Each structure stands twice: as structure tokens, then as C-alpha cells.
Amino acid sequence: MKIPFLSFTPQHAPIREEVLAAIATVYDSQWYVLGQHVRDFEAAYGAFSGARYCIGVANGLDALHMSLVALGIGPGDEVIVPSNTYIATWLAVSYVGATPVPVEPDPTTYNIDPRRIEAAITARTRAIMPVHLYGQACEMTQIMEIARRHNLLVIEDNAQAQGATAHGGLTGSFGHANGTSFYPGKNLGALGDAGAITTNDEALAQKIQTLRNYGSQQKYYNEVIGYNSRLDELQAAALMVKLKHLPEWTRQRQQVARWYDEQLGGIDDLQLPVTAQGSTHVFHLYVVRTSRRDALQQHLITSGVGTLIHYPVPPHLQQAYAHMGIAKGTYPIAEELADTSLSLPMWPGMTEEHVATVAASIRSVL
Ligand SMILES: *Cc1c(COP(=O)(O)O)cnc(C)c1O
């Protein structure tokens, strides 16, 4: 049995007619940018995230970038970011001319370690960008408390954890402004690029609405040097249909994770995901770790099981950040994660039999 890393079939097949009907509505409306579908989706996604305001934008990276712009972060500022994250988190900081300052993760949850944050704070630090990595909410109570104590802004990178909670609060509702992504493979995926910013600050929400639309509130009158980064009507219409199913898809991801936990327990050289007390995990990815990662991945390929590595090179060792001159060995936890992590197939609709097949293949080699 071939098991792909990701299949959309179980999510998309049952809602095909509903999504196509929603798309047809946009087609027939003759209104394609910033219309009723975007407004409706913004209201629905804001409510889903427990945030008062939601602004739909073109993608997750733009959401993070415009959050930083709206919060006034710029050249000379430092922003604390995880040493282990997708590069988008760092790129958003670089876009505004600020400096990303890496902080190592907790080696069991892989989320930024709150106990290490204060040591990285300097007179130039303006903000912390926690990333709810792989779908697990960061320890937001501690992070918000540190931010309060040092008068820092918080921008959550919620691209991977829509619907997760930390001590009962939803991801995307804690920070001053928070970015998420609806890239197709994310837990809530569009049919192309899309993203959103959530915030509880009305003035900030208005600023971001202006920024995403050429710096304009009134057509052809431009207040600031803005961007063209709008969520479009077609994506909003499709997302609106998919959002209704997200809680059920999340339950299915969590069930798949429980099956993996049961079937992969007790293997010496295999570390399974750990969820911190007080946090929930929506399993955007199910990431295991082993010292024999490359051999395991090769073996799984030959048995027809798709896997990916999130992520093979931490941002500080990417060529794009060579100018920062951070030597290998500076962030050993991030580097070890890059060398040992493997993401197993994880998608709503995976069956217990799928999981058993993956587990049997892993057991035969480890
Ligand atoms: C996907 C992702 C982003 C960027 O989202 P895009 O929509 O691809 O721009 C940012 N941060 C993290 C952690 C992501 O996984």
C-alpha cells in the first residue's frame, strides 16, 4: 500500500460540489477583490481564532511582514524568533530591516523555550515572534508575561496551528498582531496562496486593512506606502466552506496522532511528539526524531511511504543568512533537530490501517 505524505482526497472529495458552487457564486458576482466573501470569511475566521479582528491577505509571509510594519518595527530593532522555524518567520523580520535574534526551542516540544527568551533581550529588542511549530501551541502565558515585563510586542506565527490552544486561549488571539497562512497544505488550506492577520486592536486592524490595499482606505487616496496583498474573493469563498470542516479535520489529525503514538511506542531510537501541559496540538505535522533519520527515510521511500523533513537546514545556516555570520554549532538544538527530524504522513482521513503500515515499516528498520 502506497501512503503519500499528504493526500487531499478525503478532505476535498466530499465537499467538491459545495466548493465549486461557492466559486461559481464569485464567478457570477463579477466582483473579485475585497468583496462580501472576504468580509464574511474574515468575520468567521476571526471568531474561530477568538480575535476581534481578522484581515485577509495574500499569504502567510505577507501577514507576518505587514504585522511588523503596522507595529512600527524597523531598522535597528531586534525581534526574537525561534532558531528552528520555517524561514518565513525570519524573512518577515528581515523585510522590515530589523534583525532576527534566534532563541533555542525546548528540545521536547520543539517550541521556543520561554526560559531562554530573557537572556536574548537587549535594549534594541522590540518584539517576540513565537511560532506554534508543527501545530502545538507555544507556552503563551509565560511568553506574554515576559513581553509585558519587558514592554515588548508579540507577533504569533500561527501558520501551523489554527485552532490549537494554550491554557484555554486560542492561537492567534494572544499577540498584538498574529499571522496565519492558508497555503494549501496547512490545516486550513486555500486553493492557492492566502493568509490572514488576527488582532484584538481596532486601530491596528484598520492600519493593516490600509496597508494590504495600497495604503488606501478611499480608492485613489493613499495615506501610506502600502502593498498589494489582498485575500481574493475566490479563495475566501473556498476557505469559508473549508473552515466549517476544520474542527472535524483537526479531530481526525489528533486521532491519527494517537494511533501513531500507540503503534510507535517503545522504540529505543525513536522520539515521538510531546505535548506540553496546558497546550493542545492540532498536528499540522507528526514529527518523529531518530539518529538514523536518513536511513529511515530511505527505507520508507522503498516501502511507498512519503515523508518530508521540517526543516533540513535551520535559518541561521541558510545561505540567505550567511551575512549574519552565525557559525555552525551556535544553535545546537535547532541543528540537532534539523539532523534528526522526520515528518510522517499526516492528513485527515488517514486510517488506522495506513498508520499500521507506516509503523510496521519503521519497526522493520529501527
Ligand atoms: C507556511 C508558513 C509560513 C508562510 O506562509 P505562506 O502562506 O507560505 O507565505 C510562515 N510560517 C510558518 C511557520 C509556516 O509554516
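**Notebook: burial, packing and the ligand site**

I began with Asp77, which is buried, with a relative accessible area of 13%. The threshold I applied is under 20% relative accessible area, so Asp77 qualifies as buried. I note that this is a predicted model.

I then placed Asp77 in the fold: the residue lies in the loop between α4 (60-70) and β2 (78-82). Next I asked which residues are in contact with Asp77, leaving aside its neighbours within four places in sequence. I found Gly72, Ala98, Thr99, Arg124 and Arg126.

Entry on Ile146. I located Ile146 in helix α7 (residues 140-150). Is Ile146 buried or exposed? I recorded a relative accessible area of 5%, so by the cut-off of under 20% Ile146 is buried. Not counting residues up to four places away in sequence, Ile146 touches Pro114, Ile117, Glu118, Ile121 and Ile128. I also looked up the separation of Ile146 from Arg115: the two are 31 residues apart in sequence, and their C-alpha atoms are 9.6 Å apart in space.

Entry on helix α12. I checked the length of α12 (residues 352-363) against expectation. At 1.5 Å a residue, its twelve residues should span 16 Å, and the end C-alpha atoms are 16 Å apart, which agrees. I then listed the buried residues of α12: His354, Val355, Val358, Ala359, Ser361 and Ile362. Viewed down the axis of α12, these buried residues fall within an arc of 160°, so they line one face of the helix. I asked what covers the buried residues of α12. The cover includes α9 (233-264), α10 (293-302) and β13 (341-344).

Entry on the ligand. I listed the residues that surround the ligand: Asn59, Gly60, Leu61, Tyr86, Ala88, Val131, Asp157, Ala159, Gln160, Ser181 and Lys186. Finally, I asked how much of the ligand surface the protein buries. Taken alone the ligand exposes 380 Å², and the protein buries 90% of that.

Methods: Residues are numbered from 1 along each chain as its sequence is written. This is a predicted model: local features need pLDDT of at least 70, side-chain atom pairs count only at pLDDT 80 or more; totals for chains, interfaces and linings use all residues. Side-chain values use heavy atoms; hydrogens and water are left out. Helices (H or I, at least four residues) and strands (E, at least two) are DSSP runs, numbered from the N terminus. The expected span of a helix is 1.5 Å times one less than its number of residues. Buried means under 20% relative accessible area, exposed over 50%, partly exposed in between (1.4 Å probe, protein chains only). The arc is that of the directions from the helix axis to the C-beta atoms. Contact means heavy atoms within 4.5 Å. A residue is near a molecule or strand if one of its heavy atoms lies within 4 Å of it. Accessible areas come from the Shrake-Rupley method with a 1.4 Å probe; for residues, only the protein chains shown count as cover.
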